[in-house]
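The questions below set computed values against the definitions behind them.

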Amino acid sequence: MTIYFAVFSARFRTLLQYRAAAFAGFGCQLFWGLMRVMIFTAFYHSVSTPQPLSLEQTITYLWLVQALLMVVPWTGDAEVSEQIRTGNVAFEMVRPVDLYSLWFARALAQRTAPAILRSFPMFIVAGAFLGLNPPSSIQAAIAFLVAILGGVLLSASFTVLQSVFLFWTISGVGAARLFPSLVLFCSGMLVPLPLFPKWAQPILDFLPFRGIIDAPFRIYLGHMPVSETFSLLIHQLLWLLVIVLFTRWLLQRGLRQAIIQGG
């Protein structure tokens with residue numbers, strides 16, 4: 001475990017150095033957050049039927065999305081993907097470490113360090129001026145932090161899975177473009193999941209993506225009772241186990257039949 005913690009720590013500290021990129025990303029997320037708030041405000045003012053979330057809750061939800069945007073597994077690890085494409089993964093295979101655990105430690109840093117750099121200024125600015133409300137209670141705040149931790153672990157597992165898919169494709173462009181669309185749609189990033197049709201709710205509740213941001217955000221809002229935190233954590237951990245085991249199996253198959261040329 002010391003090895004993997006060292007890898008996580010080194011990668012985490014490296015990613016914290018990209019402060020200029022984080023500042024630029026914060027500005028971009030702030031702009032898109034304002035655009036999305038205006039769009040959803042127009043939607044709420046144009047309908048007369050009651051919605052599962054109030055406008056105030058939806059605005060808070062949207063700013064939480066912008067604050068924790070980097071938690072979501074948009075892409076795989078670029079350096080790991082390059083190693084697989086070029087064949088340099090052979091050097092990783094001879095190291096006395098578990099390859100999956102090594103990549104998971106890197107993915108965990110990738111999903112946390114940039115999010116920390118961007119989330120704090122977003123919470124401050126959106127909380128002070130743009131309608132981001134505080135958690136519904138102290139208990140909800142604590143449950144939210146615990147649920148987000150589970151979401152980060154899920155997200156890291158998806159990050160590794162995207163990289164491992166490169167053993168089975170020539171360029172990986174297809175998977176790199178398809179997967180973010182699936183995550184955007186099913187995690188609540190584009191539209192809060194409570195606003196989806198009722199027939200879609202059981203499917204979305206079953207899939208793992210709601211555990212990344214939607215369910216933690218609804219705990220934050222008070223839309224989901226704090227008492228449901230335990231069942232959410234069970235849902236997250238079960239899916240985490242499934243994804244990790246599947247990715248490990250896929251990785252072992254990929255390594256067994258990989259052909260690396262050169263010398």
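This is a predicted model: local features need pLDDT of at least 70, side-chain atom pairs count only at pLDDT 80 or more; totals for chains, interfaces and linings use all residues.

The expected span of a helix is 1.5 Å times one less than its number of residues.

Q: How do you know that the reach of helix H2 is close to the span expected at 1.5 Å a residue?
A: Helix H2, residues 19-46, has 28 residues, and from its first C-alpha to its last it reaches 40 Å, close to the expected 40 Å.

Q: What span should helix H11 have at 1.5 Å a residue, and how does the distance between its end C-alpha atoms compare?
A: Helix H11 (residues 229-257) has 29 residues and should therefore span 42 Å; its end C-alpha atoms lie 42 Å apart, which agrees.

Q: Why is Thr112 called buried?
A: Thr112, which is found in helix H6, has a relative accessible area of 17%. Buried means under 20%, so Thr112 with its 17% is buried.

Q: Which residues is Thr112 in contact with, leaving aside its neighbours within four places in sequence?
A: Thr112 is in contact with Phe8, Phe12 and Val152, where contact means heavy atoms within 4.5 Å.

Q: What do the buried residues of H2 pack against?
A: They pack against helix H3 (55-67) and H6. The buried residues of H2 include Phe26, Leu30, Val37 and Phe40, and among them are also Gln29 and Arg36.

Q: Which helices do the buried residues of H11 pack against?
A: The buried residues of H11, among them His235, Gln236, Leu240 and Ile243, pack against helix H5 (89-93), helix H6 (99-129), helix H7 (138-164), helix H9 (201-206) and helix H10 (214-221).

Q: How many of the contacts between residues at least 6 apart in sequence join residues at least 24 apart?
A: Among those contacts in the chain, 83% join residues at least 24 apart. Of the 263 residues of the chain, 48% count as buried.

Technical notes
Residues are numbered from 1 along each chain as its sequence is written. Side-chain values use heavy atoms; hydrogens and water are left out. Buried means under 20% relative accessible area, exposed over 50%, partly exposed in between (1.4 Å probe, protein chains only). Helices (H or I, at least four residues) and strands (E, at least two) are DSSP runs, numbered from the N terminus.
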